[in-house]
Amino acid sequence: MKINKLLNCKFVNNHIVSIITDNSKECIENSVFILNKKNQTFLDEAINNGTKTVISEFAINLPDNINSLVVKNIKKFQSKILSKFYKNIIKKYTVIGITGTNGKTSTCNYLYQYLRMLNEDVLLISSNGIF
């Protein structure tokens, strides 16, 4: 998806978006970097890693080849564009969370094996790994 379509803007640098992140170490060519007060010291690293668009709640000086967008509520905006970028993918799945003091890993494993026996598409993420 191109940045102008994602953000409903008209940037001169209408690049294809590779990733949206607030972690400068994850930035790659054509990234969108979500800048906040906690990570603003890593802006140069994000740009050096390939960021082409920066979204923040405050104005910043950027090189001419980097898009900049200032929004009122960065968390709300980030949620909105992530949903659009990933096309609400989480809505296609059922998520089961298991909490408690004891037996969580065992319960997860039993449930995972049971759902697999039923030929369900299933993903297990636990302290033992991702299966």
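This is a predicted model: local features need pLDDT of at least 70, side-chain atom pairs count only at pLDDT 80 or more; totals for chains, interfaces and linings use all residues.
C27 counts as buried, at 4% relative accessibility, where buried means under 20% relative accessible area, exposed means over 50%, and partly exposed lies in between, with a 1.4 Å probe and protein chains only. Residues are numbered from 1 along each chain as its sequence is written, and side-chain values use heavy atoms, with hydrogens and water left out.

Staying with the cysteines, the sulfur of C27 lies 18 Å from the closest cysteine sulfur, that of C9, which is too far for a bond, given that a disulfide is a pair of cysteine sulfur atoms within 2.5 Å. The structure accordingly holds zero disulfides, and C9 itself is partly exposed, with a relative accessible area of 22%.

Next, the aromatic rings. Rings of Phe, Tyr and Trp (its six-membered ring) pair if their centres lie within 6.5 Å, and planes under 30 degrees apart count as stacked, over 60 as edge-to-face and the rest as tilted. By this rule there is one aromatic pair: the ring centres of F85 and Y86 are 4.9 Å apart with the planes at 85°, so the pair is edge-to-face.

Now to the strands, which, like helices, are DSSP runs numbered from the N terminus (E, at least two residues, for strands; H or I, at least four, for helices). Strand β3 (residues 51-56) pairs with β4 in the parallel sense over four bridges, pairing being assigned if DSSP finds at least two bridges between two strands, and T53 has N67 in β4 as its bridge partner. In β4 (residues 67-70), N67 and L69 make up the covered face, while S68 and V70 make up the uncovered one. In a regular strand the side chains alternate between the two faces of the sheet.

Finally, which residues lie nearest the centre of the largest pocket? They are T94, V95, I96, V122 and L123, out of a lining of 20 residues. Here a pocket is an open set of points on a 1 Å grid over the protein atoms alone, where a 1.4 Å probe fits, with protein on both sides within 12 Å along at least five of seven lines, and lining residues have an atom within 4 Å of a point. The largest share of that lining, six residues, comes from α4.
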